[in-house]
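Please keep the sequence and the structure in view while reading.

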Amino acid sequence: MTQSPEFEPQIVAFCCLHCAYAAADLAGGSRCGYPSSIKIVAVPCTGRVDSLHLVKALEDGADGVMVAGCLPGRCHFQTGNLHANQRVEHVRHLLEEIGLEADRVRMINVSAGMGVQFAERAKEMAETITALGPNPLHVRKAKAPPRETAMEETN
């Protein structure tokens with residue numbers, strides 16, 4: 001897929017409050033840059049992130065979605081990150097079934113002290129999405145003709 005040279009992927013990152021959000025904060029505080037186009041959504045635990053949240057983010061125009069949780073076996077809510085990983089894999093499979101790239105959705109695991117690693121994974125995600133190009137769901141949605149409203153039909 002060809003994209004314009006100024007394409008900057010929009011990525012939504014669902015980050016668990018205890019580890020991944022703290023790692024993202026540490027990355028910023030340590031000046032370990034990661035793309036500003038990554039929009040972080042803090043969640044109490046990645047186990048609270050539903051498959052519908054991932055799909056809705058793509059439907060609403062995100063080019064990619066990252067779920068960032070605690071290290072395996074270190075979840076503050078015991079198995080939340082394991083459930084999140086299962087949901088991410090499910091959505092990746094669904095994307096493949098409808099003809100979209102599974103790499104648009106990814107799960108990473110970091111601890112609160114892994115700011116550098118968070119920044120590296122965020123950059124990798126941005127590079128992957130840049131190579132894939134804009135989200136085709138968003139492009140189609142943007143090109144769709146405006147729908148008539150009931151008010152316009154009666155006038």
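## The largest nonpolar core

In this predicted model, the largest nonpolar core has 22 residues, and those that touch the most other members are Ile11, Met66 and Phe118. At least two residues of this core come from each of strand 1 (11-16), helix 1 (20-29), strand 3 (64-69) and helix 4 (115-132), and helix 4 supplies the largest share, with 6 residues.

## Around Met66

Leaving aside residues up to four places away in sequence, Met66 touches Ile11, Val12, Ala13 and Phe14, as well as Arg106, Ile108, Phe118, Arg121, Ala122 and Met125. Val12, one of these contacts of Met66, belongs to a second, separate core of 17 residues, which also includes Leu58, Val67 and Leu95.

## The aromatic pair

A search of the whole structure for aromatic pairs finds 1. This pair is formed by Tyr34 and Phe118, whose rings are arranged edge-to-face, at 5.3 Å centre to centre and with 80° between the planes. The two residues lie in distant parts of the chain, 84 residues apart, with Tyr34 in the loop between helix 1 and strand 2 (38-43) and Phe118 in helix 4.

How values were computed. Residues are numbered from 1 along each chain as its sequence is written. This is a predicted model: local features need pLDDT of at least 70, side-chain atom pairs count only at pLDDT 80 or more; totals for chains, interfaces and linings use all residues. Side-chain values use heavy atoms; hydrogens and water are left out. A nonpolar core is a set of buried Ala, Val, Leu, Ile, Met, Phe, Trp, Tyr and Cys residues joined through side-chain atoms within 4.5 Å. Buried means under 20% relative accessible area, exposed over 50%, partly exposed in between (1.4 Å probe, protein chains only). Helices (H or I, at least four residues) and strands (E, at least two) are DSSP runs, numbered from the N terminus. Contact means heavy atoms within 4.5 Å. Rings of Phe, Tyr and Trp (its six-membered ring) pair if their centres lie within 6.5 Å; planes under 30 degrees apart count as stacked, over 60 as edge-to-face and the rest as tilted.
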